[in-house]
Structure formats: structure tokens, C-alpha cells
Amino acid sequence: MSAKAIREATGKTILNSALAKCPHFSPCRFASVDEDSLGDGLLNNNAWLTSTPLVVKPDQLIKRRGKLGLIKVNVDFPGVKQWLSEFMLKEIKIGRTSGKLRNFIIEPFLPHAQDEESYVCIYSHRNGDTILFHHEGGVDIGDVEAKAKTLLVPIDTTPTAEEIKKTLLTDVAKDKQEMVAQFVEALYKAYVDLYFTYLEINPLVITGGKVHILDLAAKLDATADFICRGKWGEIEYPPPFGRDAYPEEAYIADLDSKSGASLKLTLLNSAGRIWTMVAGGGASVIYSDTICEYGGASELANYGEYSGAPSEQQTYEYAKTILSLMTKEKHPEGKVLIIGGGIANFTNVAATFKGIVQALQEFQVKLIDHKISIFVRRAGPNYQEGLRVIREIGTNLGIPLHVFGPETHMTAIVGMALGKRPIIEHAEGHCPSTTANFLLPGGQTDVKSPVASRKTSTASGKPAIDVIDSSVKPEGALFHRGTKAIIWGMQTRAVQGMLDFDFVCRRNSPSVVAMVYPFTGDHKQKFYWGHKEILVPVYKSMEDAFKKHPDSDVLVNFASLRSAYESTMDALDFPQIRTIAIIAEGIPENMTRKMIKKAHEKKVSIIGPATVGGIRPGCFKIGNTGGMMDNILYSKLYRQGSVAYVSRSGGMSNELNNIVSKASDGVYEGVAIGGDRYPGTTFMDHIMRYQADPEVKMIVLLGEVGGVEEYEVCDALKSKNISKPMVAWCIGTCAGMFNSEVQFGHAGACANSDRETALAKNKALKEAGAFVPSSFDDLGEQIQNVFDGLVSKGVIIPREEVPPPTVPMDFSWARELGLIRKPASFMTSICDERGQELLYAGMPITDVLKKELGLGGVISLLWFQRPLPPAACKFFEMCLMVTADLVSSLVSGLLTIGDRFGGALNGAAKQFSEAYDAGLIPMEFVNDMRKKGQLIMGIGHRVKSINNPDMRVTIMKEFVKSTFATTPLLDYALEVEKITTSKKPNLILNVDGVIAVAFVDFLRNSGCFTREEAQEYIDMGAINGLFVLGRSIGFIGHYMDQKRLKQGLYRHPWDDISYVLPEQYNG
């Protein structure tokens, strides 16, 4: 979620700093109080509390505190303490919501007249910001939107004090107008600079020549933390009133912050009997909707999601947390756990399910004791293996566990779990048993196969897979069979998926013509086109990529949330670009709105942010859209159908592909506009394209709670601007059934008014003429009814299916599925780096360090496969000392050191020390390196992560911290690690990094070297000598190991080498 509410005290702290130079602003003075701070320390830290009349009130996101009698004014400190003793931990009810008062704010009482109170509010929306001002304020202000004067501030503009006076302050006393105008001007500047999304002050008191903020409510764009952390400080985002913050929620939030995946958990009713563990933001909302529609709202225990390809370990931690909460207390009827999800685009289902299985095994006894039944529905990459594993564990553990795949409607398991529909067990072999269409001899020629039983349709009798002149782009289409795209980011798996899709669609040429990756030099990357290897150029500069590929008009931007804005704005300067897909989630909203504005000016369509993209079957797909080849074939995405859809949710787009393919002749085009509050294009942008395309016969809209875009669709339906049949459903119907506000998976999925609720939208769509099912459960049936009606009217004419060409499976994926085996090319018996920890002759590296074996001990393990006596180890070290100048020893190490083979010590030492010496705070250092297009040396690991730490680094950090006099650079690097791991969990401070910064700390602070001498050693690259020595020892160990294993001359397999001839000879 992006817009998050903050406490009043937090907002006032931020504004005190931001408005410090505003001459008329009176800084807010206050003390925050909770149960733990209501003691003598309160007065010790805030002596002013005894010298002035006070105001005390709860600080828990409660609206209209004055009308609720929750403010005590003009009282002394003993009176405040008395009032707090009555209200602290008191349970109160506000509307339907009950909760305890835990946090309060105490402020000086400000005597003033009623006519000195005003009201000001700033809020953000797609097209800009709105400032509301009313010359009267306070608890009785009433319908402020109807009364207040309004100033719309377009994106990237700032109102002047004169504009503010003329537009907002005409009812303010003349002698106060200039002062208030300057304050509102400064307030708006702070609002923008500090990434507020909502800021309300009521009352704003103007008295004695000063402007005072009395009551404040605010929301910040939490995704801007990487920009504003230095100005905000550490921000605590409190839960809504009525919902306490549970430690388990905090644990999952912490896990989420250290993960590249998305892990969310909100406890609704810890005593409830219905628990969910759902993959995907959109899917998590739909499962909650369905539970509530079946009458389970009062028993729904939690809301949450796990998505974005979490690792097996992360999924285990998430599942373990759910199960620990679920088994805290029993329910007389037993409990149900719904493990659900749509069809994944790129998440390895088997890997995540192995984490769930591990947690289920741990809780076997409690699961049986608490009478827990489990219902599973999932699909996506490697789902067959995942379902097999979890089905098997149910049998072994002796718990009721029912497992379903894509043959079952996504939410059908909810009715089964709640006893509302019969449990239909499918045979294990019911699902497709293959996970790809393998390449057979002749697979790249036209395939003659028996005609499939399913029929497709056409309005013109064209062949099932159209062969269109690739130089012609259909009017209004974003993609066609000739679309050429450039990919920003080294997303090799996504690119290969796009090329496989191109191949199965019988495109004449690949859709990906180039990649852009600023962190490497220009080079070429290997990919497959069918079974042939091809080379795709990779450019360091976007300008070079577009210049050398002038026919490319689509950019698929995989840049991170930190760099997606700059890369997108750069791309918009190239006139050939017509469509940009932004995959990243969590781009700050101010940046997104600026991208949208520029894209609109350039007439460029943006899909995203926070999306998987879109697909036009038979033509083009964005990145991971449509999933892997098995799902592309299963959902018939290799050829066009007649149904076009638009959705917010990227995860649900694949489920829609499945639903549409079963209920009709298939998908013509599908776009997921993205889950952030401000998607680059709207529902209407795509629906009107579909309306204009004669090949589209019906439209499907999957909207959601939050925002008002669906009402534009209603208006178009009523005015007949949309005349094609539309099936529509808005997810999030459960939102009104909860006692406290719930922020769903997408940033935009939160209703701020009744009009933004899913129920209101579904009602409006139905009244406007859309076909609206009674629930998501019935969506497929509704689509089929409309489709069959079009067939019966002759609008759609059925035609026979043409089978797609076969596509080979990648070796790595086939090995993952256990379909192949391959003999090893190299043998070793002295080390193993595959598992959780590096092993030397079977001894974990942590034991090597803890036992202080030294260099001699390492040599004994790597050369002789066993720990030798201390005397032998000491002898080896003496030998190293007396032979340290031998040229042969030096060369054996140096030949294995370089950019390709490791050794980032010097680079890490220079980068970190230069940034520290320049006074850059860690966030500035990270941002600066990103802008330069340089990788941070010493950061990142192929396997280890913040959740699976490298024990070598842990032990070395502990040693350095406990023995070195001071460690400023190590501390600095650890702060950098906090920032980089918030982007990806494997961007940790690695062994090279910790050695490098610790070595610099030693050189600079040990007292053995002057600062100049220390810098000279850093500049000459002396630190890499450690790497040379270590590699030399390992090199000799492997040489001896090969002799001991009687291995012959090593020849690298020729089929593992790409033979790339110079282009001028490679005809």
C-alpha cells in the first residue's frame, strides 16, 4: 500500500521541521503518551507540562474526536493525568468498531476566539492536488466540501501566494490574508516535497500574528521512504482504530521489508474459524469476498497474501505464522484453512508449496487436535509437482486435505470448505500431466495433428492463426504480430518467455530486439528461438538501443521502484515509443503522476505501474504475462479469440485467461493496468480500443474497490459509446463487512467513500447495462452465457482449432521438474557450496572459523581432506611465510583473479570509503551509484539473503566489532545493506564487502598507519592480495584433488559452448 495514515504527533513533527522557515508558523509543542510512558519520565522530558493549561486527546486515527467527547481542554497537568487514568486502555465503540484507547497526545491549550479558526485540507488525485480552505473551522464545520473554496493545482506546478489569496482567502480578514497565504504556500510546498497524499488541519488558528496547527490528520506515501527517510525519520504506521497491532503482523511486515516478494498479514478475528493463505493481491481479495458472500464474514480470521515468487524459506515462515495463530485456541466446529490462488505467472508453485509442507509437518499434532481441514487450489509454473507434494503430505499426516488445480474454478474451494457445496475430488491424473509442449523432430515446420475438440471462432472465416503483414499496425492497437520491443533490465527469464511465446505464435521474427542494462558494457546475450540459439544485443545506454533499433515502439521496463521513474521519463523522450509497460510496484505516487502527464503529452500508452503487463494472443506478450508455456497452451493464448478483457490485477489476468478460454473461444487481448492508485492508462482507455476493434466481440472488466474509474464505464454504457456486450465485476465486496478499515493487496484497493465500494460499483454497472454476475464464483458462467448468445446470433462463427508448433523446454526447468539427468563434467571431494553453508572437506565454514583452524587448518582440509594436528597446521603456515616471494605461487593465484572470477575487495574498499569520506548518507550513496549505472561492489549474493544469512559474514562481523577499536566504515556498509536488501533480499553485504570495509577500518584506525599510508594501500589495491592468497590455496587443493580422484584431462563439453564467430564471417 502507498498512502498510509500517520499519527498526529508524527505529522506535527514532520511539519515542525518543514515549516521552520515560514515566518508566521508557530511550531507545534506536544508530548506523546502511551501506557509505558505515563510515568515520571513524562515530566522529566517535558517540563513545560506543569507551566501551561493543556489539551489531551487520543492519537489513534480517530475522526471527530471533539464530537465524540474524546478531548479534554484547558486543564492542568494533574487534570490531564486524571483524565488519562480514566481513558487509558478504555474500550470504546465508534460506529460498528470497538477498540481500546492506547495512544494520546498532550499539547498546550491555545486561547482563541471562534472566528480565529479556519479549515485547510490538501489531497492528491490523478490529475493534481486540491487545496480546500474555509474561513471557519472547528468541530461544527459540517459539509466542508460544499462550503470550502477550492484550488486545483495541476501536476508539477506550485501556486503562488497571490493565487492562493485570490482563490481561497477572499472571506479571510484583509489584515490576515498575506500571512495565511504565505503559510498555505509553504504548507503546500512541504506537502509535495515530503510526499504527503492527504493533509487536513482543523482547526487552523490564526491569532496574535501567528498560525497555529491544532488538530491534524495526514497520510504519507510510504513508497517514498527511500527518498524521504532523512526528512521523515523512522515512521511508525499505526493500525486503524479497533484493530490492535499484533506481533505476528509486525513479523510478517519485517519479513516483507527484507524480501523482493510481497508478504502481507492482517488479523481480523483471531478467534475465527476460517483462515486463508492466498497467493496474489487480487486473488486474496476475491477469496475474502467469496467467504463473506457465503456468510463467513464474522468467522474470517485474517486477510493477507504471499506473492511475487517468495522463496521456500519465506513461504515456510509465512505459513508457520498463520498456523501458529490458527492453533492458539480451539473452535467448537473445528477450523478450515483455505490455501488458494490464481494461476501464477512466474512463481514456482512447487517451491512455495514445499515451504507450506514443512510448516504443516511441524504442526501435525496441533492440526489434528484443532480439527483443521485444508482446501487447496493453485496453478502456475510447476503446479503439478506442488499439488502432488501437498496431496501426499495430507495422506501422510492424516489430516483432511483436498487439492485442486486449474480444472477447478478458483473460488470453488470456498463453498466446499464452508459446507455450501459438495466436495468433488478429482482423480490425480485429471489435470494435464505435462508442463510444456516438447520439441519433436520436425517441430519447427507446420504440424499436422488431429483437430482439437474445442472450436474457435471468427467473424470472417480467416484461418485460426492470422498471418498479418508485420509492417502494418492495426488502427488503435498497442501490439500486433510485428511489434518489436526493448527490455529495460537483465530479465533473461522473462525475455526467453517472450521469445517462446513468439515462436509458438508462429511469428516470423522475435519480438525482443534489444535489452538495456546500465550496469554492464555493451554486449550480446544468448537466448533460444525454438531450438536455435540467437544473440540479443544489450546496451548500456537507452539512447544507443533506440538509435540502433528505430522500428521498436514498445519498452518493457523491469527497472526497480527506485529507477523506474527516471528510465521511463528518459524513454518518453524518444518519439518512436508508443507503449511502455512498467512492472515495478511501489513507485512514489508523485513520480507516477508526472510520468502519466508526460506520457499523455507524448501520446504514449503506459501499462502499469505494479503490473505483469498484457497479452495479445498470437501476436505479443509483455514479460511474464500468461505464465509459462504449459499455461499458454492450456489457455489457448497462441491464437486470438473474440473476448478482450481489462483488469487491475496482474495475478488475476492469468486466471481470466483460464476462465475466458473455458467459457468462450478465448482471449483476443488482455491488459492488467496495474494495482497502484494511479495506473498509467485507465479502464476506459483500453475498453474504447476494444470497442473500436471489429475483431473484439465482447468485453470483460474486472474492477476493484477504491477509486471511481468504473463510473466512467457506466457513463459510456448509458450513452451507448460502449455498445458491445460487457461482463463486469468489481472485487472487494467484503470491505463493508469488516468493523475496521482493511487495506487490500493493491495500493489503490481502499474505499474512501461509499461510492468507491465494490458493491456500489457493481450495482451501477448493472444498472448501466453491463452483465454483472452475482459473485466472482459465477463470472465464468456469465461470460459463457453472453458468448453463447453471440454465437447463436451469428455474431461469432465457430472455426476449427489449429495446433501450435512444439516448443523445447529449457534444461534448467527440465532439471527442476526432475525430467532429465546429466552427468557432471567435474568432480570434487574437498568442498561443497550448494547448500546453506560452504563446506571444506565436510566441515562447515562456521566451524572452521569458530575453531580457529587458521590457514594451516584450511590447507589440511582442502589438500588432505581432514583436520591435521596443530603442529602440522603451524608447519604449513611457516612454509607460507618462508616461500611468500615465489613467483610461481603468485602466478597461480593471479591467474584466477579478475572481474569474471571474483575479487571485489579493492572495488568495495574504494566505493564505500569514498562515499563515507564525501559525507554521503547511505541512501544518497545508493541513489548516486544507481544514477551512475554502477553496481556497488561487495553487495549481493547468488544464494544467500537477509533471510538466509551467510554465516561467514556473520562471524567476521562479530569478530571485527568485538576486537577492532572502531568500525565506522563497517557500520556505514551495514546501513547501506539495510537499503539494498529492502529492494532485493539477496543484496546483502557479502564476504568481499565485509572484508574490504573492515580492512579499511583496520588501516585507518589501528594506529599502525598514517591516514595517507592507509589511503595508499587502498589505492594500490593491496586488499585484493587476500583474495589472491586464498585462491592460490584453493587452486592447489583442486589440483591435488583431481590427481587423487584419478581424473583425466578435462575437456569442457562442446555443447556447453556457444561458438560466436565475428559478425562479418557469420553469414
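**Close-ups of a predicted model**

Using the ring-pair rule, the count comes to 18 aromatic pairs. That rule pairs rings of Phe, Tyr and Trp (its six-membered ring) if their centres lie within 6.5 Å, and calls planes under 30 degrees apart stacked, over 60 edge-to-face and the rest tilted. Keep in mind that this is a predicted model, where local features need pLDDT of at least 70 and side-chain atom pairs count only at pLDDT 80 or more, while totals for chains, interfaces and linings use all residues. Residues are numbered from 1 along each chain as its sequence is written, and side-chain values use heavy atoms, with hydrogens and water left out.

**View A. Tyrosine 188 and tyrosine 191 make a stacked pair.** Their ring centres are 6.2 Å apart and their planes meet at 15°. Both tyrosines belong to helix 6 (residues 174–193), three residues apart, or about one turn of the helix. Helices here are DSSP runs (H or I, at least four residues) and strands likewise (E, at least two), numbered from the N terminus. Buried or exposed? Tyrosine 188 counts as buried at 3% relative accessibility, and tyrosine 191 is buried too, at 1%. The cut-offs: buried is under 20% relative accessible area, exposed is over 50%, and partly exposed is in between (1.4 Å probe, protein chains only).

**View B. Phenylalanine 964 and phenylalanine 1002 form a tilted pair.** Centre to centre they are 6.2 Å apart, with 50° between the planes. Phenylalanine 964 sits in the loop between helix 32 (951–963) and helix 33 (968–983), and phenylalanine 1002 in helix 34 (residues 991–1005), so the pair ties together parts 38 residues apart in sequence. Phenylalanine 964 is partly exposed at 24%, as is phenylalanine 1002 at 32%.

**View C. Two charged ends sit over tyrosine rings.** Lysine 4 has its charged end over the ring of tyrosine 237, 5.2 Å from the centre. For arginine 755, the ring belongs to tyrosine 711 and the distance is 4.0 Å. To count, NZ of Lys or CZ of Arg must be within 6 Å of the ring centre and within 35 degrees of the ring normal.

**View D. Serine 541 lies in a loop.** That loop runs between strand 25 (532–539) and helix 16 (542–548). Serine 541 is partly exposed, at 25% relative accessibility. What does its side chain reach? The backbone nitrogen of glutamate 543, at 3.1 Å.

Definitions and conventions. A polar contact is a pair of N or O atoms within 3.5 Å; within protein, one must be able to donate a hydrogen and the other to accept it, and residues adjacent in sequence count only if both atoms are side-chain atoms.
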